[in-house]
Amino acid sequence: MIRKYKNLIPKVPASCFIFPTAEIIGSVELGEDVIVYPGTVVRAGYGKITIGNNVFIAPNVCLITEEHAMDVEQRLAGLEYAHPVTIGDNVWICTGALILPGVTIGANSVIGAGSVVTKDIPANCLAVGNPCCVIRSLK
């Protein structure tokens, strides 16, 4: 198991497996048995990302908490906003998904490959697309 981020993230459980080309930055809290595959970016910046237990994050997924101001003057002045991201237990985020600031994904849900998640996804759902939307229950 690769513990590359053990010193950067204070609470990386021993059961986590983080591939060496995954990038984890900022205030990130990982649950037990989390797997982060190659090419994934988990960037909390000024916000916080909380990832539950037994979460699979496939290759080339991006989770971010920051967004820039829409007003050009504010943006040029460096104004940014941070919104927390929360991933529930037993979630599978498929390859190439983008999880945007302020999103919560409920427990036991699956996010389809290439999805752009702009709003909260409830627990026990399969959600796909751009923008990502629930297509069926998993119960």
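Me: Between which two strands does the loop holding Gly-88 lie?
Reply: This is a predicted model, in which local features need pLDDT of at least 70, side-chain atom pairs count only at pLDDT 80 or more, and totals for chains, interfaces and linings use all residues. Residues are numbered from 1 along each chain as its sequence is written, and side-chain values use heavy atoms, with hydrogens and water left out. Strands are DSSP runs (E, at least two residues), numbered from the N terminus. The loop with Gly-88 lies between β9 (85–87) and β10 (92–93).

Me: Is Gly-88 buried or exposed?
Reply: Buried means under 20% relative accessible area, exposed over 50%, and partly exposed in between (1.4 Å probe, protein chains only). Because its relative accessibility is 17%, Gly-88 counts as buried.

Me: Which backbone nitrogen does the side chain of Thr-65 reach?
Reply: Thr-65 lies in the loop between β6 (62–64) and β7 (66–68). Thr-65 has a relative accessible area of 0%, so this residue is buried. Its side chain reaches, at 3.5 Å, the backbone nitrogen of Gly-47.

Me: Which residues form one aromatic cluster?
Reply: Rings of Phe, Tyr and Trp (its six-membered ring) pair if their centres lie within 6.5 Å; planes under 30 degrees apart count as stacked, over 60 as edge-to-face and the rest as tilted. Phe-17 and Phe-19 pair edge-to-face, at 4.7 Å centre to centre with 70 degrees between the planes. Phe-19 and Tyr-37 are stacked, at 5.1 Å centre to centre with 20 degrees between the planes. The cluster is formed by Phe-17, Phe-19 and Tyr-37.

Technical notes: Helices (H or I, at least four residues) and strands (E, at least two) are DSSP runs, numbered from the N terminus. A polar contact is a pair of N or O atoms within 3.5 Å; within protein, one must be able to donate a hydrogen and the other to accept it, and residues adjacent in sequence count only if both atoms are side-chain atoms.
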